[in-house]
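Come along and check each entry against the picture.

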Amino acid sequence: MRRVLTFDFGASSGRAIIGSYEKGKLEMKEVHRFTNDPVMINGVLYWDILRLFHEIKQGIVAAKLDGGFDAIGIDTWGVDYGIIDVDGNLAENPVCYRDTNAYGIEKEVYKIVSEEELYLRTGVQYQPFNSIYRLFNTVKNYGRKIDSCDKILFIPDLFAYFLTGAKRTELTFAGTTNLLDPVTKQWDWELIERLGMPKSIFADLIKPGETYGLLKEDIAEELGCPRVPVIAVASHDTASAIFSIPTSEKDFVYISCGTWSLFGTELQNPILKKEAMEAQYTNEGGYDDTIIFLKNIMGMWIFQETCRQWKREGKEFNYKILDDAAAATKPYMSFINPDDQVFSPYGNMPKRIKEFCKKTGQPIPETDGEICRCIYQSLAMKYRQSLEYLEKITGKTYDRIHMVGGGINNRLVCQFAADFCNRTVYAGPIEATATGNALAQLIALGEVKDVWEARKIIADNTDMAIYTPNPTEESEEAYKEFLKYQ
């Protein structure tokens, strides 16, 4: 039996999970869970990266006590990075992508390279927090940080550096930066130079399946574990989630449903054209040199932050009660645009939803059930809009949708997705990202042949929930209404 240790970091929590594999059977066992809480200091929102590394150590100890492991793999959310100085130390805690201090800096970038040229070069959907803009802001306005910088390391690579001493950038994560050429799979050095970024601060690229190095001797001694390899998986959590889609088909549609909803398909080559840019589709790196062509949708973040606000107000609730309340309310009363930037920051989400509906002349959702229903149906209709764009851009028709990730625990969202998209939805696995992480390690260790064998293993070990579409004339009219507010 092979046992691999996966660290899966989301924007609000992290887990250490042991993947045990023998003769086609994969079992995933959580051995450590922890919160991931950004901290606001002097008006800047930082990740508490040292505490997160402490949690990695605790996860290693827990995995050792559970029976040990043969390798370690790490995946995290995208775009964020830390600065390693010339002495090899972390210069400061990485800034969280939800920090808004650098928002607007893209206007300065576009004076050097237009938004259209940038997309045609890198294929990445515009988001105000993309690495390119924040790094440009650092170079332009905080040059002293770059003067003492040896390397910038993105979050999973930063953890790998702490564990092994190796300074590398994993390829799927590099694809989120707006600084990678998606055709050559190399840094776009001309673009980097035009933006005034020193080439020396970018680490060499490493592909999924390659090894950063062995666990450092001092860490192995501290934690009482062997010096196992730290393997580069598809370290952007989206790429690991897409790796785990349980299908044998070459053409498929997926929704990786969590804090973000990632809606798209897997391609062999990027689509670099204005039509894709206008539809806000992005070309990011996938396992085995594929392109995960997708649209970033705000996702369950809006619901999660709504629940956090109610908790701050002292409300007692549980998710089943909220879902039942949503199901019992009047359908199609009001809609939001999940991708409106007003819903991006932390804060009072129910208030913002009400203000959006008031501003757009819609009925204002007042009850908890009405607010949840507004979120769920708006999100599912956004899926339909994204599907229409995708089929137009690729020239293909897709007859089913695969949904993976923690968001599929919300059965109402899955059913709405089936109804509004008029496609059968296959939901599972829930632990998609950690599963993709584990199987990438098992391929690297020679236990699994390739991604297609891995996907068959996932299919054989996943209880799928199937949602049959039930479109109505009323839902079609509601979709036309929804489009008015996008």
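**Entry 1: what I am looking at**

I noted at the start that this is a predicted model.

**Entry 2: the sheet of 7 strands**

I looked up the strand order and found an open sheet that reads β17-β18-β16-β15-β19-β20-β21, with mixed pairing. Which strands stand at the edges? They are β17 (282–285) and β21 (465–467), and each has a single partner strand, so one side of each is left without a neighbour in the sheet.

I found an antiparallel pair in β16 (residues 261–267) and β18 (residues 291–297), joined by 7 bridges. To find my place there, I used F263, which stands opposite K295 in β18.

Next I looked for a helix on this sheet. Helix α16 (residues 411–421) packs on it and touches β19 (400–404), β20 (424–427) and β21. The direction of α16 makes about 40 degrees with that of β21.

**Entry 3: around β19**

Is β19 mostly covered or mostly open? I found it mostly covered, with 4 of its 5 residues buried.

I then looked up its partners. Strand β15 (residues 253–257) pairs with β19 in the parallel sense over 4 bridges, and V253 stands opposite I401 in β19. β19 also pairs with β20 in the parallel sense, over 4 bridges. Here R400 has T424 in β20 as its bridge partner. I followed the chain from β19 through α16 to β20, and this β-α-β crossover is right-handed.

**Entry 4: the sheet of 6 strands**

I moved to the other open sheet, where the order is β3-β2-β1-β6-β14-β13 and the pairing is mixed. Its edges are β3 (25–35) and β13 (211–214); each has a single partner strand, so one side of each is left without a neighbour in the sheet. Neighbouring strands here are turned by 20 degrees against each other on average, again ignoring direction.

I picked one pair for practice. Strand β6 (residues 71–75) and strand β14 (residues 229–231) run parallel and are joined by 2 bridges. In that pair, G73 stands opposite I231 in β14.

Which helices lie on this sheet? I found α1, which touches β1 (2–9), β2 (13–22), β3 and β6, and its direction makes about 140 degrees with that of β3. I also found α17 (residues 432–444), which lies across β1, β2, β3, β6 and β14 and runs at about 140 degrees to β1.

**Entry 5: helix against helix**

I looked up two helix pairs. The axes of α1 (residues 49–65) and α6 (residues 155–164) come within 11 Å and cross at roughly 60 degrees. That angle makes α1 oblique to α6. α1 passes α6 in a right-handed crossing. For the residues that meet, I wrote down I49, L52, F53, I56 and I60 in α1, and I155, L158, F159, F162 and L163 in α6.

The other pair is α12 (residues 301–312) and α14 (residues 349–359), which pack at an angle of about 120 degrees with their axes 7 Å apart. These two are therefore oblique to each other. W301, I302, E305, T306, Q309 and W310 of α12 make the contact with M349, P350 and I353 of α14.

I found a cis peptide bond from G428 to P429, with omega near 5 degrees. P429 has its place in the loop between β20 and α17.

Then I looked up positive phi values in residues other than glycine. N42 has phi near 50 degrees, and its place is in the loop between β4 (39–41) and β5 (44–46). K185 has phi near 60 degrees and lies in the loop between β10 (180–181) and β11 (186–187).

Are these two residues buried or exposed? N42 is exposed, with a relative accessible area of 79%, whereas K185 counts as buried at 16% relative accessibility.

Methods:
Residues numbered from 1 in each chain as written. Predicted model: local features only at pLDDT ≥ 70, side-chain atom pairs only at ≥ 80, totals over all residues. Heavy atoms only, no water. Pairing = 2+ DSSP bridges. Contact = heavy atoms within 4.5 Å. Axes fitted to C-alpha atoms, helices over the stretch in contact; angles between N-to-C directions. Buried < 20%, exposed > 50% of the residue type's maximum accessible area, 1.4 Å probe, protein only. Right-handed = clockwise from strand over helix to strand, strands pointing away. Parallel < 35°, antiparallel > 145°, perpendicular 65-115°, else oblique. Left-handed = near helix turned anticlockwise from the far one by under 90°.
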